[in-house]
Amino acid sequence: MLSGGSTLNPVVGSAGLYQIQVTDSGNGCTATDTVTISSDINLPPIQIALPDTLNCAQPQVVLDASGSAQGAPYLSAWSTSNGQFLSGTDGLTPAVNAPGTYTLSITDTLNACEAISTVEVVQDTVSPTLSIAPPDTLNCALTSLQLDASNSDQGSTFSYEWTSPNGNLTAGNNSPTPTVDAAGTYELQITNTANQCQTTATVEVIQDTLPPTLQLAAPPTLNCAIDSLQLDASGSSAGSRYAYSWTGTIDSGAEGLTPTVSQAGTYLLTILDIQNLCSRTDSVQVAIDTLAPQISAGADQLLNCYTPQLQLPGSGTGDDSRW
């Protein structure tokens, strides 16, 4: 009994059997009576299942309180101060699409008792870290290379997929370091299999396989008047990025485009581009003509008094003769 135990209208706060006794002060007679007070303060059953985690593949989840009291005489209501409902706030399975704390209140309309429970929705939408190092340039010596994304997220929860619309992957398509052998655009997509979040980046592979220009002019012929000459490749690629190599008997200038030679034969020039290591080779033939003309002064003759002069009967194959 909370108060008023000596009055006709006491206040009680618990169930039980209560007896009242009244005495007539005039005749000393008493009367008693009893009353039974029952209690109904049972809270409605309330139970919220642990929700899934919001992630890149699952942008919304359904909160599940279907194990709680439902139907008449129960009223349910959801609320949140930092989340977001999509639907179903007056039912037991609302849909939400934001992390936060969600509160469910169920009221028994017969006894006005209210049960309250909360659940936390967590979100994991962290994308993988992706970093691709600048690749080397494909050239005549480097015909394939490895792309390098080893500074990206790695581990059992990450998957890798390389693709190219115009290049060529030869190995390691599902690794951080694939091998390629063609110029083009290469795209890497990393997926975090734990939250299904993805990150994509591209890298460009360049190819430089342009060979040097090589032009060898036809040389003159060595002869008795021309005992040496310059080979002429001056129309070829020139500059500090090119190296020159002649084969044959070179008198001088073997490291340039116009070497001097004095012997007949085949002369081979190779030009190397020292930046892309591409080369080109060509040859030229140097001929020699040192064959002396055929000549004859004729037979010996005698000048005398009968023959004071003679015409010498010289002959030859040349076109310039002198006595």
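Biologist: Which class does Asp208 fall in: buried, partly exposed or exposed?
Modeller: This is a predicted model in which local features need pLDDT of at least 70 and side-chain atom pairs count only at pLDDT 80 or more, while totals for chains, interfaces and linings use all residues. Residues are numbered from 1 along each chain as its sequence is written, and side-chain values use heavy atoms, with hydrogens and water left out. Buried means under 20% relative accessible area, exposed over 50%, and partly exposed in between (1.4 Å probe, protein chains only). Asp208 has a relative accessible area of 28%, so its class is partly exposed.

Biologist: With which residue does the side chain of Asp208 meet in a salt bridge?
Modeller: A salt bridge is a side-chain nitrogen of Lys or Arg within 4 Å of a carboxyl oxygen of Asp or Glu. The structure holds 2 of them. At 4.0 Å, N to O, the partner of Asp208 is Arg241.

Biologist: How many residues apart are Asp208 and Arg241?
Modeller: Helices (H or I, at least four residues) and strands (E, at least two) are DSSP runs, numbered from the N terminus. Asp208 and Arg241 form a salt bridge. Asp208 is in strand β18 (residues 207-208) and Arg241 is in the loop between β20 (229-230) and β21 (242-247), so this pair links distant parts of the chain. The number of residues apart is 33.

Biologist: How far apart are the closest N and O atoms in the salt bridge of Asp273 with Arg241?
Modeller: Arg241 is partly exposed at 25% relative accessibility, whereas Asp273 is buried, with a relative accessible area of 2%. Asp208, Arg241 and Asp273 are linked in a network of salt bridges. Between Asp273 and Arg241 the closest N and O atoms are apart by 2.5 Å.

Biologist: Where does Asn276 lie, and between which strands?
Modeller: Asn276 counts as buried, because its relative accessibility is 1%. Asn276 is in a loop, and the strands on either side are β23 (265-273) and β24 (279-286).

Biologist: Leaving aside neighbours within four places in sequence, which residues is Asn276 in contact with?
Modeller: Contact means heavy atoms within 4.5 Å. With those neighbours left aside, the residues are Asn139, Cys140, Ala141, Asp208, Thr209, Leu210 and Arg241.

Biologist: Which cysteine forms a disulfide with Cys140?
Modeller: A disulfide is a pair of cysteine sulfur atoms within 2.5 Å, and a search of the whole structure finds 2. Cys140 is partly exposed at 36% relative accessibility. With a sulfur distance of 1.8 Å, its partner is Cys278.

Biologist: What is the handedness of the disulfide of Cys140 and Cys278?
Modeller: Cys140 lies in the loop between β11 (138-139) and β12 (145-146) and Cys278 in the loop between β23 and β24, so the pair ties together parts 138 residues apart in sequence. The torsion about the S-S bond of Cys140 and Cys278 is about 90 degrees, so the disulfide is right-handed.

Biologist: How far apart are the sulfur atoms of Cys56 and Cys197?
Modeller: Cys56 is partly exposed at 39% relative accessibility, and Cys197 is buried at 0%. These two cysteines form a disulfide, and their sulfur atoms are apart by 1.9 Å.

Biologist: Which residue in β17 stands opposite Thr191?
Modeller: Two strands pair if DSSP finds at least two bridges between them. Strand β16 (residues 184-192) runs antiparallel to β17 (residues 197-205), with 9 bridges. In their hairpin, which has 4 residues between the strands, Gln196 takes a positive phi near 60 degrees. Opposite Thr191 stands Gln198.

Biologist: Are the rings of Phe85 and Tyr102 stacked, tilted or edge-to-face?
Modeller: Rings of Phe, Tyr and Trp (its six-membered ring) pair if their centres lie within 6.5 Å; planes under 30 degrees apart count as stacked, over 60 as edge-to-face and the rest as tilted. The structure holds 1 aromatic pair. The centres of Phe85 and Tyr102 are 5.1 Å apart and their planes are at 80 degrees, so the pair is edge-to-face.
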